[in-house]
Amino acid sequence: MPRGNRASLIASGIALLLAASLAISQPALAQGRLAIIIDDIGYNLVLGKRSADLTGDFTLAVLPFTPHGVELAERAHKRGKEIMLHAPMSNRHNYPLGRGGLVMGMERSEFLAVLRRNLANIPYVKGVNNHMGSLLTEQAEPMGWLMEELKQRQLYFVDSRTSAQTQALIMAEQIQLPSRRRDVFLDDERTRANIQFQLLRALKQASKQGTAIAIGHPYPETLAELEQLQPLLDQFDVQLVKASQLMIKAPPQTAKRKVRHKNDICLAPPMGLWPQVWAPIDPFAVDQLLVAAGIEHRNVKK
């Protein structure tokens with residue numbers, strides 16, 4: 001065999017061996033992707049820190065102008081978590097919104113001013129989801145204002161879907177804003193058995209359909225399950241990813257989604273996360289609350 005041909009064959013053989021070695025050494029990509037958003041961060045410091053310290057690409061949705069929102073967003077960001085603004089929106093149950101609420105009847109200028117203050121209050125925000133909003137998300141006009149502002153800021157939107165009549169994704173689709181809806185609430189019933197069941201639902205959907213978004217809260221029961229999540233991810237061949245990695249510009253059949261579960265709502269925040277000292281005080285009077293709790297004003301942007 002001529003020397004040139006022999007050298008060529010040897011080089012080809014080495015290339016094939018290297019390619020096979022790389023294929024063996026690199027783990028296969030997971031078949032499904034799951035984003036888990038933890039809502040209502042900012043009221044409870046201990047549980048907020050526990051959420052920020054979770055292992056993996058969790059996404060934390062932080063309420064604006066809460067006593068610990070800025071601190072927890074900073075902590076979570078340092079630990080590689082993605083940060084969202086958990087924007088309070090008016091609801092059909094008269095639950096209090098706290099400071100930064102987007103409510104029915106606002107003019108466009110007032111709506112945008114409140115939204116912009118909320119966004120400025122929480123650092124490292126990559127996207128927005130609605131806190132409650134069973135009333136406001138049904139209104140096309142303010143949802144249009146919201147989506148236009150988010151598109152200008154290159155942020156995404158996740159519809160927590162607290163109403164089956166939500167207009168949020170419809171308005172997002174019209175302007176091709178990266179957006180998505182929540183698929184599963186992990187802890188609409190705050191029991192370990194229910195949380196485990198809902199987590200399995202989310203994992204099965206991610207494995208079967210390719211992607212899923214689940215939302216939970218910083219309850220001790222929920223965090224206990226999430227702290228043991230990795231074996232389940234491995235079992236279902238699912239990768240935990242940041243919410244931004246699952247955004248799409250035009251989700252199909254947005255208006256035809258199935259109706260939510262009876263208890264499938266996000267409270268204001270769940271009363272279990274409210275500091276006890278706040279109970280007898282008007283939840284809208286944030287400055288009074290800070291004084292009563294002995295918290296210095298410099299930690300909260302006004």
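This is a predicted model: local features need pLDDT of at least 70, side-chain atom pairs count only at pLDDT 80 or more; totals for chains, interfaces and linings use all residues.
The protein has 302 residues, and 50% of them count as buried. Its secondary structure comes to ten helices and nine strands. Looking at contacts with a separation of 6 or more, 75% are between residues 24 or more positions apart.

**Where α4 meets α5**

- Start with how the two helices lie: α4 and α5 pack with their axes 10 Å apart, at an angle of about 45°. That angle makes α4 oblique to α5.
- The crossing of α4 past α5 is right-handed.
- On the α4 side, the contact is made by Arg108, Phe111, Leu112, Leu115 and Arg116. On the α5 side, the residues are Pro142, Trp145, Leu146, Glu148 and Glu149.

**The aromatic pair**

- There's one aromatic pair in the structure. Phe111 and Trp145 make up this pair, and the arrangement is edge-to-face.
- For the numbers, the Phe111 and Trp145 rings are 5.5 Å centre to centre, with 65° between the planes. The edge-to-face label follows because planes over 60 degrees apart count that way.
- Phe111 belongs to helix α4 (residues 108-121) and Trp145 to helix α5 (residues 140-152), so the pair ties together parts that are 34 residues apart in sequence.
- Are the two partners buried or exposed? Both Phe111 and Trp145 are buried.

**Where α2 meets α3**

- Helix α2 (residues 45-52) and helix α3 (residues 69-78) cross at roughly 20°, and their axes come within 9 Å. These two helices are therefore roughly parallel to each other.
- As α2 passes α3, the crossing is right-handed.
- Leu45, Gly48, Lys49 and Ala52 of α2 make the contact with Glu71, Leu72, Arg75 and Ala76 of α3.

**Arginines over rings**

- Which residue lies over the face of Phe65? Look for Arg99, at 4.2 Å from the ring centre.
- Arg182 has its charged end over the ring of Phe185, 4.3 Å from the centre of that ring.

**Leu85, a buried strand residue**

- You'll find Leu85 in strand β3 (residues 82-89). Its relative accessible area is 0%, so Leu85 is buried.
- What does Leu85 touch, leaving out residues up to four places away in sequence? The list includes Val62, Pro64, Leu115, Asn118 and Leu119. Ile122, Val125, Gly127, Val128 and Asn129 are also among the residues Leu85 touches.
- Leu85 and Asp39 are 46 residues apart along the chain, and their C-alpha atoms are separated by 9.3 Å.

**Leu150, a buried helix residue**

- Leu150 lies in helix α5. With a relative accessible area of 0%, Leu150 is buried.
- Setting aside residues up to four places away in sequence, Leu150 touches Val128, Leu155, Tyr156, Phe157 and Leu177.
- The C-alpha atoms of Leu150 and Arg116 are separated by 10.0 Å, and these residues are 34 apart along the chain. Arg116 is also one of the α4 residues in the contact with α5.

Technical notes. Residues are numbered from 1 along each chain as its sequence is written. Side-chain values use heavy atoms; hydrogens and water are left out. Rings of Phe, Tyr and Trp (its six-membered ring) pair if their centres lie within 6.5 Å; planes under 30 degrees apart count as stacked, over 60 as edge-to-face and the rest as tilted. Helices (H or I, at least four residues) and strands (E, at least two) are DSSP runs, numbered from the N terminus. Buried means under 20% relative accessible area, exposed over 50%, partly exposed in between (1.4 Å probe, protein chains only). A charge sits over a ring if NZ of Lys or CZ of Arg is within 6 Å of the ring centre and within 35 degrees of the ring normal. Axes are lines fitted to C-alpha atoms, for helices over the stretch in contact, and angles run from 0 to 180 degrees between N-to-C directions. Angles under 35 degrees count as roughly parallel, over 145 as roughly antiparallel, 65 to 115 as roughly perpendicular and the rest as oblique. A crossing is left-handed if the near helix is turned anticlockwise from the far one by less than a right angle, and right-handed if clockwise. Contact means heavy atoms within 4.5 Å.
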